[in-house]
There are 2 protein chains.
Amino acid sequence: MPLNEHDNGQVDESFVKEKEAAFADFIQRKGLKTTRQRNTIISTFFRLRGHISVEELLNEVKKANPRIGYATVYRTLHLLVESNLVEERRFGDGLARYEGHSDVEHHDHMICLECGMISEFFNPRLEALQEKLAEENNFEIYRHRLELYGACKDTESCAQRKNKKAAEAQGA
Amino acid sequence: MPLNEHDNGQVDESFVKEKEAAFADFIQRKGLKTTRQRNTIISTFFRLRGHISVEELLNEVKKANPRIGYATVYRTLHLLVESNLVEERRFGDGLARYEGHSDVEHHDHMICLECGMISEFFNPRLEALQEKLAEENNFEIYRHRLELYGACKDTESCAQRKNKKAAEAQGA
DNA sequence: CTGGATTACGAAAACAATTTTCATTTTCGA
DNA sequence: TCGAAAATGAAAATTGTTTTCGTAATCCAG
Ligand SMILES: [Mn+2]
Ligand SMILES: [Mn+2]
Ligand SMILES: [Zn+2]
Ligand SMILES: [Zn+2]
């Protein structure tokens, strides 16, 4: 079951330019070198939406430059994470996913196990409660991850699909 | 109420017996066979505390029977998970960990990135709040995971160790 | 008790995601 | 422009886990 993003829509150019500049800055500060490949990769990455796997990214990158390989994509993603422009996610399907949108504002995820939809949410009370619990345990939080796995109850309901499956299993 | 990893106490025999019986039941119901190896593995597993990796378990198992191999340990752990006697966890270090204690009561985790300590907590308000947020998003939760990554602030403080490291990085 | 179909075992091979190696190319400051 | 340092890409290596396959153990019908 692929974790699909049901989100089309365009990314605006100024956003991409901003990220490219921030990455260039990071590269500079670290004394690394600007390369054609890295530029292609980050510019491609920030034009994509959602939670992108390495393979997805490489496929897109290859459209611009088919000679770019896995290693460089992996390496560049590590740099993006190190520069705080991108966050790595793992939703339990065995592959790393990367997201660079929503400006590194923290958020958590709900993952529909039926259709793969991933939605994001943020709730200050929830965050505060975590801090409170950490405090009580004499613990200092650097970061956290909260993932809700389940099914959407929307139109065409994934939750219903799940029930049907359960019923079939009974009958069998 | 954090049960921490460095807890040494003994596991009481009745607990182990109970789990062995429950597993035997499961094996029976599924029409599988009772084997010496599986018995060794589960009996070893339930005598261990904490969040056990496959390698840790295999090492212990080999003390009882050195001929048991990885494949059987993996296979038996899958059965334990399927039977709901054990839960699989992944705390981001790339390996699966298994826990069978605390009677499958749900709980979440705080992981100290300095000393590796894992403590467990449960808070009904936090759980309720998640349900409320799911409801608002028209989402049905099957399960969730919440992990707080950070540092303990106890004696000898891991948090302090972290600060020292940061200071050194500055100085360099 | 068996016989023998069924299931399990274990060593090794296969896998999948990711990292590393290494020969070659590119970058960039002196 | 030169050359040290860094980056690239193809391929090999690594890591955690799963599968294969020949052999062995289980267990129930007879
Ligand atoms: Mn997200
Ligand atoms: Mn736990
Ligand atoms: Zn859905
Ligand atoms: Zn600690």
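**Zinc sites and a helix pair**

Mentor: Keep in mind that this is a predicted model; to begin with two residues, Cys112(A) is buried and Cys158(A) is buried as well.

Trainee: OK, and which residues coordinate the zinc ion (ligand 3)?

Mentor: Those two cysteines take part together with Cys115(A) and Cys152(A), each through its SG atom, at 2.0 to 2.4 Å from the zinc ion (ligand 3).

Trainee: How are the donor residues spaced in sequence?

Mentor: The spacing for the zinc ion (ligand 3) is C-x2-C-x36-C-x5-C. Distant parts of the chain are linked here, with Cys112(A) in strand β4 (residues 108–112) and Cys158(A), 46 residues apart from it, in helix α6 (residues 158–171) of chain A.

Trainee: What geometry does the site have?

Mentor: The site of the zinc ion (ligand 3) is tetrahedral, with angles of 100 to 117° among its four donor atoms.

Trainee: Switching to chain B, what are the protein donors of the zinc ion (ligand 4)?

Mentor: They are the SG atoms of Cys112(B), Cys115(B), Cys152(B) and Cys158(B), and of these residues Cys152(B) and Cys158(B) are buried.

Trainee: New topic: how do α2(B) and α3(B) lie to each other?

Mentor: Their axes come within 9 Å and cross at roughly 120°, so α2(B) and α3(B) are oblique to each other, and their crossing is right-handed.

Trainee: Which residues meet there?

Mentor: Thr40(B), Ile41(B), Thr44(B) and Phe45(B) in α2(B) face a set in α3(B) made up of Leu57(B), Glu60(B), Val61(B) and Ala64(B), and the two sets are in contact.

Conventions: Residues numbered from 1 in each chain as written. Chains lettered and ligands numbered in written order. Predicted model: local features only at pLDDT ≥ 70, side-chain atom pairs only at ≥ 80, totals over all residues. Heavy atoms only, no water. Donors = N, O, S within 2.8 Å, 3.2 Å for Na, K, Ca; no water. Tetrahedral: all angles 85-135°; square planar, octahedral: opposite > 155°, others 65-115°. Helix = DSSP H or I, 4+ residues; strand = E, 2+ residues; numbered from the N terminus. Buried < 20%, exposed > 50% of the residue type's maximum accessible area, 1.4 Å probe, protein only. Axes fitted to C-alpha atoms, helices over the stretch in contact; angles between N-to-C directions. Parallel < 35°, antiparallel > 145°, perpendicular 65-115°, else oblique. Left-handed = near helix turned anticlockwise from the far one by under 90°. Contact = heavy atoms within 4.5 Å.
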